[in-house]
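Biologist: Hi! Could you walk me through a few local details here, one step at a time?
Modeller: Happy to. Let's have a look together.
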Amino acid sequence: MAQPQTLDFGQDYQAKYGFYDTIEPVFQTEKGLTRRVVEEISYQKDEPKWMRDFRLQAYEIFLSKPMPSWGPDLSTLSFEDIIYYLKPMDKQGRSWDEVPDEIKNTFDRLGIPEWERKFLAGVGAQYDSEVVYHNLQEQWSSQGVIFVDTDTAVREYPELVQEYFGTIIPPDDNKFAALNSAVWSGGSFVYVPAGVNVDIPLQAYFRINAKNAGQFERTLIIVEEGAFMHYVEGCTAPIYTTDALHSAVVEIIVKKGGRARYTTIQNWSHDVYNLVTKRAVAYQDAVMEWIDGNIGSKVTMKYPSIYLMEPGARGEVVSVAFASDGQHQDTGGKVVHVAPNTSSRITSKSISKGTGRATYRGLVKVYEGAENSRCNVECDALLLDENAKTDTYPYIEIEEKDVTIGHEARVSKVSDEQMFYLQSRGLKKDEALTLIISGFIEPLAKELPMEYAVELNRLIELEMEGSVG
Amino acid sequence: MKTPLLEIKDLWVKLPDEETSILQGFNLTINEGETHALMGPNGSGKSTLAKILAGHPGYEVTSGEILFKGEEILEMEPDERARMGFFLAFQYPMEVPGVTIANFLRLAYQRRFNTEVKFLQFHGILMKHLKALEMEPTFANRSLNEGFSGGEKKRLEIVQMSVLQPQMAVLDETDSGLDIDALKIVSKGVNAMRSPERSFLVITHYQRILNYVEPDVVHVMMDGRIVKTGDRSLSVELEQKGYEWVRGELVGV
């Protein structure tokens, strides 16, 4: 096994996140991607024919699609060196007792059991490519809420899955959506029946725990008319020397008068390519919110998008990115106004440190006939060092005259005077800087469940440790 | 016997890329329990002195020394000085968006007194001092100085001072921009803190604040050094005759 790379996040980070356990997968595919690997994945999962066909078709699309010609440098990403599927144990743990001790140990160190006791009502925690532990409260089951891993959903709710799977993000959407469609494993399936209000956030915790293991989870969320749910996803990953790939697909459907919020705090280790496609459709008077925080990874490309399909639909994207040495966070959001009287807001905050680079890439599109649509885009970039970089690509395509579009972009540096002011009150340099940063990202932090807000601040503190002289 | 708290000896200071010194052989000793007023026209170097004392990194000290409680502090970071009990009430307090006064001051309090304080316990402390400065309790959860009026910023400086209980406080034009009511409130806050161990340096253009915060000693500063020192009556005389009078006197000498 390769030695973990020494990275600049301080020992505490290593102790808390930078470890890996000695779980032997019971099955894994060979390195690299072939038709045979795709078939093997489907065979191992004992999938119905329609899903196997879906995978194989997606595989062909993946081969035929070129790599994106825009955006961050992906030249060192090698599809041949990745293991596309690992199966850590034979069956899924239904209760905590059934989860193997070594996996429990991992979760203990991540703090999950405690969170579960205190905050969680249901946990779907993904270990490698398989969900090992899943728990859904009785009350939800009785309300008809489904919260299972997607593999289970394919087996147990085939009609629901088949109706919606791949309809929001078809395999030919982009190369990585095709890749995910071919090799996906795990992820969550959530179904909230009409009028049901799931008032405690559904949470899943993802982690990569094997060298060169890809993570291709597939999440599908359906919120029926007048229903509400909040899904929270947190990610940490151990530190490895070779490049790993995380390429997820998240599809969300919010029907008339429904509301969905999807919150992510992502902290992949600094060698992971994090290339994720997230898209939601919102129907009449529905509300969709993406809250997206990206701290780790080597390269992130992620632009959560919302299609406002019917009158009165609303969408909000809040995106925060922290790019430190050698990282490129290429993030933002997309909103597409298809119907009249729709409104949206994109708020993007980025922090660049050392040689880090943060890019805002966003699209606002208003179709003809989407009268009285309103959209406001705000991007703020904070630069911590002379070499840190930020850039902005705000694409705006408007086909309708009767619209209100606002766009504001600001780049700021931490001022010496601010630092001096805080230090003059007794705060050490790194404390002062961390405080300024936490203030800068406060618009995201205040949208998070409290334990995630605390976690986010802690992660940023760790990133800032030893960074000032 | 008086114990010196702050001793500034022959201090020469300039900006890194300039020839001319802003402070030119500045000398001042403040004993424990004393309140000094430092007056002078614009550009005489008063605010530079205040920043140098607090440890602003943007200046170059070419010679001289500053002793606080007998210790040389010139090489110390601003936060080390603060933890020793030095405080500067800023002429232009900085805005820090998204950082609440409660969170910020609690952290500062913990550093100043090298202790942990529970959120609720600190809340009580903060409320007491906000009330004393006639600020609404809601300020506790507002972003530090963001969107505050000039007067609110100045009052918050005194709240911070009251919370952090420094031994030596420099008030850099805390009175400017305050209406008469606010000036009284601020002065009351300062006077409440005066004690035999604590000292103040009140930097001002006008003698108005000195009617409320009565100084033991008044200094006049010009061209980077103190040119005249007297008692309370000096500030009154200055107000009547103007700074040109002092300059005229100097030339006369």
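Biologist: Which residues of helix H7 of chain B are buried?
Modeller: In this predicted model, helix H7 of chain B spans residues 232–241, and its buried residues are Leu234(B), Ser235(B) and Leu238(B).
Biologist: And why do they sit on the same side of H7(B)?
Modeller: Because they cover an arc of only 100° around the axis, they end up on the same side of H7(B).
Biologist: New topic: what is the phi of Asn114(B)?
Modeller: It is near 50°, so a positive value in a residue other than glycine.
Biologist: Where does Asn114(B) lie?
Modeller: Look in the loop of chain B between helix H3 (101–113) and helix H4 (119–132).
Biologist: Is Asn114(B) buried or exposed?
Modeller: Asn114(B) has 8 other C-beta atoms within 10 Å. The cut-off for exposed is 12 or fewer, so Asn114(B) counts as exposed.
Biologist: What about Gln165(B), what is its phi?
Modeller: Gln165(B) is not a glycine, yet its phi is positive, about 45°. You'll find Gln165(B) in the loop between helix H5 (150–164) and strand E9 (168–172) of chain B.
Biologist: How many other C-beta atoms lie within 10 Å of Gln165(B)?
Modeller: There are 15, and Gln165(B) is therefore partly exposed.

Conventions: Residues are numbered from 1 along each chain as its sequence is written. Chains are lettered from A and ligands numbered from 1 in the order in which they are written. This is a predicted model: local features need pLDDT of at least 70, side-chain atom pairs count only at pLDDT 80 or more; totals for chains, interfaces and linings use all residues. A residue is buried if 20 or more other C-beta atoms lie within 10 Å of its own, exposed if 12 or fewer, and partly exposed in between; C-beta atoms are placed from the backbone. Helices (H or I, at least four residues) and strands (E, at least two) are DSSP runs, numbered from the N terminus. The arc is that of the directions from the helix axis to the C-beta atoms.
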